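Open your viewer, switch to a cartoon drawing and colour by chain. We will go from stop to stop, and at each one you will get something to select.

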Amino acid sequence: MARPPAWGEGLPPLPDKLSTLNIGGSELDASWFLLLSAVLFGLGAVGVLVRRNPLVILICIELMLNAVNLTLVTFSRQLQNLDGQLFALMSLTVAAAEAVVGLGILVDIFRLREVEDVDELSELHG
Amino acid sequence: MAIAVFFVAAAVAVLGGIGVVAFHQPIRSVLSLVLVMLALSVIFLLLSAQFVFAVQIIVYAGAVMVLFLFVIALLGPARELGRGRLRYQGWASAVFVVVLLGLMWTMLQGVQYRQPDQTNLDVFGTVQSIAVGLFTTYLYPFELTSLLLLVAAIGAIYLSRKRIDDADGGPADGLGPAAGVGGGSPPTSR
């Protein structure tokens, strides 16, 4: 297994500002990616809060998880450290497992009755 | 060039996110989410996360979204009926999200970027470098992930099997799966 070469062997110099990412010759700022991630997370939060259909709520949770993944990958690129990408892969796995179990529960509930509003599922409110 | 790609992908992602929230039919929400995931995978590619890009397309836009579409096709087109039981929920959630976005904006102003580790970006994020991290430093989390997937698969099978006391049309006693059944005829979908 060939180790990646150390810094300084013909690599381009670091940009002046730490948040600047040099991508394909153009300079993008890491905060743009973080802002996009924040907007997507906020949209997902709106969906979870205002939508009534349990299926759509699951979809919005997936959207929020995707936004978090974008943050992880952005910081991974900014720090030039692969740990963020590995963590993004883990969270992707968790999201897949969550979707499977959530949809399983949903199908099980829909067998008993038609649910059009999550507020109808309030038998456990104590 | 990269800047144009970023802004196009970001615009597509935000429009798709608005579509996820705004469409009234769940199937359109799912298709909007597929759009968001494809746009995000383009952005992952910009951030030189090639392996995450491939996994995002295969696992998310492929497998998970097909699962969602399958469940929607199974359950039929459920439409939402107007307002729920909680009053002022829309306004309260709007206030909450505005506060949340303000908080995140404030945090973005104060991010202390660290000096980056100095690695060769030509091999950054390739399958090889990901695998080295996944099988050396993060071996135990990786194995725990496989355990998690196993548990999720078993749970999904347990939740979605056919109940025998449900077969003659009457609803089961409770929400939980009935105990003590299994075996017998193989499960057939109704």
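Start by selecting chain B and follow it along the sequence: the pattern reads α-α-α-α-α-α. That comes to six helices and zero strands. Here helices (H or I, at least four residues) and strands (E, at least two) are DSSP runs, numbered from the N terminus.

Before you go on, note that residues are numbered from 1 along each chain as its sequence is written, while chains are lettered from A and ligands numbered from 1 in the order in which they are written. This is a predicted model, where local features need pLDDT of at least 70 and side-chain atom pairs count only at pLDDT 80 or more, while totals for chains, interfaces and linings use all residues.

**Stop 1: the domains of chain B**

Colour residues 1–78 of chain B as domain 1 and residues 126–164 as domain 2. These bounds come from an automatic or database domain assignment. The C-alpha centres of the two domains lie 23 Å apart. Of the 190 residues in chain B, 22% are buried. Buried means that 20 or more other C-beta atoms lie within 10 Å of a residue's own; exposed means 12 or fewer, and partly exposed is in between, with C-beta atoms placed from the backbone.

**Stop 2: chain A and its hairpin**

Now select chain A, which has three helices and two strands, in the order β-β-α-α-α. In this chain, buried residues make up 43% of the 126 residues.

Zoom in on β1 (residues 20–23) of chain A, which pairs with β2(A) in the antiparallel sense over four bridges. Strands count as paired if DSSP finds at least two bridges between them. Which residue is the bridge partner of A:N22 in β2(A)? Click on A:E27 to see the partner. Two residues sit between the strands of this hairpin, and A:G24 takes a positive phi near 60°.

**Stop 3: where the chains touch**

Show both chains together. The contact takes 71 residues from chain A and 79 residues from chain B; two residues are in contact if their C-beta atoms, placed from the backbone, lie within 7 Å. On the side of chain A that touches chain B, α3(A) gives the largest share, 22 residues. That side divides into 49 nonpolar, 15 polar and seven charged residues. In this count, Ala, Val, Leu, Ile, Met, Phe, Trp, Tyr, Cys and Pro are nonpolar, Asp, Glu, Lys and Arg are charged, and the others, Gly among them, are polar.

**Stop 4: the largest nonpolar core**

Select A:I59, A:L63, B:I43 and B:V52, the residues with the most contacts inside the largest nonpolar core, which has 66 residues. Such a core is a set of buried Ala, Val, Leu, Ile, Met, Phe, Trp, Tyr and Cys residues joined through C-beta atoms within 7 Å. Helix α2(A) gives the most to this core, with 12 residues. From chain B, domain 1 and domain 2 each provide at least three residues of this core.

**Stop 5: two loop residues**

Finish with A:Q80, in the loop between α2 and α3 of chain A. Although not a glycine, A:Q80 has a positive phi of about 55°. Then go to B:S48, in the loop between α2 and α3 of chain B, where phi is positive at about 50° although this residue is not a glycine.

Is each of them buried or partly exposed? A:Q80 is partly exposed, because 19 other C-beta atoms lie within 10 Å. B:S48 counts as buried, because there are 22 C-beta neighbours inside 10 Å.
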